[in-house]
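Please keep the structure open as you read.

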Amino acid sequence: MEEVKQNPVQEAKPERKKIMLSGIQPTGTFTLGNYLGAVRNWRQTQEDFQCAYFIADLHSLTVRQEPAKLRKQSIDAFALLLACGIDPAKSLVFIQSHVHAHAELGWILACYSMFGDLSRMTQFKDKSAKHADNVNAGLFTYPALMAADILLYQPDYVPVGEDQRQHLEFTRDVAVRMNSIYGSVFRVPDAYIVKAGAKIMSLQEPTKKMSKSDTNVNAFISILDEPNVIVNKFKRAVTDSETSVCYREGKDGINNLMSIYSVITGNTYEQIERDFAGKGYGDFKKAVGECVAEELRPVRERFAELTADKAAIEAIYRKGAETASHVAERTLDKVKKKIGLLAK
Ligand code: TRP
């Protein structure tokens with residue numbers, strides 16, 4: 001029988017998986033907002049992209065931290081990423097400070113960051129107003145470090161929320177600037193837009209973003225809250241004086257609950273309105289609370305299992321640091337060479 005020869009031109013070249021990278025600071029527990037707005041999507045994107053996710057512990061030093069607490073929060077945040085379904089067999093997961101190249105490229109990029117641009121960062125302005133007694137240089141050069149975090153891995157996409165968009169723009173500007181001076185050094189990443197409806201608001205003041213630093217614990221859901229706590233917090237959620245479950249301008253509390261319910265169940269607003277027609281807010285709040293509790297149950301259980309075996313977590317982040325360092329150093333070496341630092 002004659003052998004069938006494949007035409008080499010027609011043989012499809014396997015397409016490079018696009019690279020996606022993001023980081024999260026280890027300050028405090030993650031909220032339902034972090035989960036639905038970011039981490040839950042990270043779990044899904046690992047199927048279609050080559051992903052890198054890390055705990056941005058160096059960034060959290062821009063605000064004064066208590067050492068023992070920072071250590072605990074870093075390991076907990078790392079375990080939470082795993083508990084949320086980030087799989088070290090599929091994605092690169094690591095802790096920023098374990099990979100020296102971040103701080104090193106951060107310095108280099110600071111030398112290509114303009115004082116004027118850094119002064120215009122809204123986060124710098126907000127944080128320096130909030131921590132007026134500690135307006136340190138790190139708070140100012142934070143975007144240069146964030147640019148380093150990103151550019152080291154040559155990602156195609158960075159999933160960012162509204163609050164980090166300006167920093168990503170800054171990163172793109174630095175990359176373009178370096179590329180125009182030295183030829184192609186960095187891939188210029190695009191923002192990856194997280195689907196609408198995932199911005200989660202406070203349960204007590206639904207015009208404000210849900211925040212883990214809210215002094216009212218009823219305003220936010222922590223990913224690790226027990227099911228009955230979750231259901232109770234939703235029962236107390238602030239709504240309005242009307243009665244019908246419908247998505248409408250001005251009904252911020254109900255809109256927020258509908259958006260949470262819709263993200264988790266996949267139901268559209270129209271479907272939700274139909275399902276809850278003639279029922280009161282009480283029934284709806286109960287349904288939202290229960291679906292959130294069910295969604296978070298496996299995360300909480302997995303987190304408990306993971307943190308019971310510290311050695312296993314350590315092995316995962318050490319391996320992550322090793323692989324990440326390998327990737328990051330390739331870029332760092334290239335940059336050093338391009339800008340004229342003498343090779344050793
Ligand atoms: N600055 C981000 C935040 O506070 C965290 C972060 C640090 C990050 N480095 C990053 C996010 C790189 C995306 C890519 O939320």
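1. A term comes first. A polar contact is a pair of N or O atoms within 3.5 Å. With that in hand, look at Gln 25. An N or O atom in the side chain of Gln 25 is 3.1 Å from an oxygen atom of the ligand. Keep in mind that this is a predicted model.

2. A polar side-chain atom of Tyr 142 lies 2.7 Å from a nitrogen atom of the ligand. For Asp 149, an N or O atom of the side chain is 2.6 Å from a ligand nitrogen atom. How much of the ligand's accessible area does the protein cover? On its own the ligand has 370 Å², and the protein covers 90% of that.

3. Now the shell around the ligand.

4. Next, the strands. β1 and β2 run parallel, and six bridges join them. Leu 21 stands opposite Ala 52 in β2. Strand β2 spans residues 50-55 and is mostly covered. Five of its six residues are buried. As a rule, side chains in a regular strand alternate between the two faces of the sheet.

5. Turn to Thr 171. This residue is found in helix α8 (residues 165-182). Is Thr 171 buried or exposed? Thr 171 has a relative accessible area of 0%, so it is buried; the cut-off for buried is under 20%. Leaving aside neighbours within four places in sequence, Thr 171 is in contact with Met 146, Ala 147, Ile 150 and Leu 151.

6. Last, Ser 211. Its place is in the loop between β5 (190-192) and α9 (227-235). Ser 211 is partly exposed, because its relative accessible area is 26%. Not counting residues up to four places away in sequence, Ser 211 touches Thr 31 and Phe 220. The side chains of Ser 211 and Ser 213 are joined by a polar contact of 2.9 Å. Ser 222 is eleven residues from Ser 211 along the chain, and their C-alpha atoms are separated by 9.7 Å.

Conventions
Residues numbered from 1 in each chain as written. Predicted model: local features only at pLDDT ≥ 70, side-chain atom pairs only at ≥ 80, totals over all residues. Heavy atoms only, no water. Helix = DSSP H or I, 4+ residues; strand = E, 2+ residues; numbered from the N terminus. Buried < 20%, exposed > 50% of the residue type's maximum accessible area, 1.4 Å probe, protein only. Contact = heavy atoms within 4.5 Å. Polar contact = N/O pair within 3.5 Å; in protein donor to acceptor, adjacent residues only side chain to side chain. Areas by Shrake-Rupley, 256 points an atom, 1.4 Å probe, with all protein chains shown as cover. Pairing = 2+ DSSP bridges.
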